[in-house]
Amino acid sequence: MNFLGLFGVDAMHEIVKDYYGKQLQTSGDLKTSACCDASNVPGWLKPLLARIHPEVMSRYYGCGLVCPLLLEGCRILDLGSGSGRDVYALAQLAGAHGHVVGVDMTEEQLAVAKSYRAYHAETFGFDNVIFKQGYIEKLDELGLESGSFDVIVSNCVINLSPDKD
Ligand SMILES: C[S@@+](CC[C@H](N)C(=O)[O-])C[C@H]1O[C@@H](n2cnc3c(N)ncnc32)[C@H](O)[C@@H]1O
């Protein structure tokens with residue numbers, strides 16, 4: 001029997017929220033060595049990451065790279081955006097004429113992401129991100145307009161979903 005069979009969808013969500021919201025405070029607390037080394041990123045991404053607030057950077061729990069180039073003007077959705085590192089990197093690539101929506105279910109993660117929105121708007125010279133609390137399995141509850149995204153990314157989240165379909 002797998003974890004879902006043992007606990008059910010709601011309980012699985014609560015277990016994952018507790019881990020990312022309460023147990024982890026920084027990337028150093030991750031209880032796995034399976035994730036990539038966050039410092040090993042392509043050269044073009046480094047200046048973008050350098051403009052992101054250190055607290056957001058320190059709470060990065062993703063793995064690998066979800067930022068394709070050539071996103072100028074794109075409308076981007078980040079599923080399981082956590083404390084917002086990828087949202088704020090993507091926001092710079094999308095520019096003032098694009099935007100990024102981050103969705104996450106964990107209050108503590110969202111609180112960090114939202115608390116630096118004004119900081120990044122000032123740093124980038126434009127405010128093109130919003131964060132929404134919710135489940136990636138229930139996007140229809142979030143008031144997102146159908147067909148309103150050009151690019152959808154997700155970094156280390158679908159693996160945690162009890163309802164991947
Ligand atoms: C491994 S962390 C990755 C966070 C972020 N993508 C990053 O790269 O730092 C997983 C995140 O996905 C969120 N998450 C997991 N399952 C989710 C679900 N079913 N719906 C919404 N968010 C979810 C967690 O709250 C957590 O913030």
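Predicted model: local features only at pLDDT ≥ 70, side-chain atom pairs only at ≥ 80, totals over all residues.

Student: Where does Leu65 lie?

Tutor: Leu65 sits in the loop between helix 4 (54-58) and strand 1 (75-79). Its relative accessible area is 45%, so Leu65 is partly exposed.

Student: Now the sheet. How do strands hold on to each other?

Tutor: Strands of a sheet pair through backbone hydrogen bonds, in a parallel or an antiparallel way. Here, four strands form an open sheet in the order 3-2-1-4, and the pairing is parallel.

Student: Which are the edge strands?

Tutor: Strand 3 (129-133) and strand 4 (151-153) are the edges, and each pairs on one side only. Neighbouring strands are turned by 20° against each other on average, direction ignored.

Student: Over how many bridges do strand 1 and strand 4 pair?

Tutor: Three bridges, in the parallel sense. Ile76 stands opposite Val151 in strand 4.

Student: Which helix packs on the sheet?

Tutor: Helix 6 (residues 107-115) does, touching strand 2 (99-104) and strand 3. The direction of helix 6 makes about 165° with that of strand 3.

Student: Is Thr106 buried or exposed?

Tutor: First find the place: Thr106 is in the loop between strand 2 and helix 6. Its relative accessibility is 3%, under the 20% cut-off, so Thr106 counts as buried. Now look for its partners beyond four places in sequence. Thr106 is in contact with Lys17, Tyr20, Gly21 and Gln133.

Student: How many residues of helix 5 (residues 85-94) are buried?

Tutor: Ten of its ten residues are buried, so helix 5 is mostly covered. Among them are Arg85, Tyr88 and Leu93. Gly95 follows helix 5, and its phi is positive, near 75°.

Student: How far apart are Pro54 and Arg85?

Tutor: They are 31 residues apart in sequence and 9.7 Å apart in space, C-alpha to C-alpha. Pro54 lies in helix 4. With 55% relative accessibility, Pro54 counts as exposed, whereas Arg85 is buried.

Student: What about charges?

Tutor: Side chains of opposite charge can pair when their charged atoms come close. The whole structure has six salt bridges.

Student: Why are Lys17 and Glu14 separated by about one helical turn?

Tutor: Because they are three residues apart in helix 2 (residues 9-23). Lys17 is buried, with a relative accessible area of 18%. Glu14 is partly exposed at 46%.

Student: Which side chain meets Arg59 in a salt bridge?

Tutor: That of Glu55, at 3.0 Å from N to O. Arg59 has a relative accessible area of 16%, so Arg59 is buried. Glu55 is partly exposed at 27%.

Student: And which parts of the chain do Asp150 and Arg75 tie together?

Tutor: Their side chains meet in a salt bridge at 2.9 Å, N to O. Asp150 lies in the loop between strand 3 and strand 4, and Arg75 lies in strand 1, so the pair ties together parts that are 75 residues apart in sequence. Asp150 is partly exposed at 43% relative accessibility. Arg75 is partly exposed too, with a relative accessible area of 29%.

Terms used:
Residues numbered from 1 in each chain as written. Heavy atoms only, no water. Helix = DSSP H or I, 4+ residues; strand = E, 2+ residues; numbered from the N terminus. Buried < 20%, exposed > 50% of the residue type's maximum accessible area, 1.4 Å probe, protein only. Pairing = 2+ DSSP bridges. Axes fitted to C-alpha atoms, helices over the stretch in contact; angles between N-to-C directions. Contact = heavy atoms within 4.5 Å. Salt bridge = Lys/Arg side-chain N within 4 Å of Asp/Glu carboxyl O.
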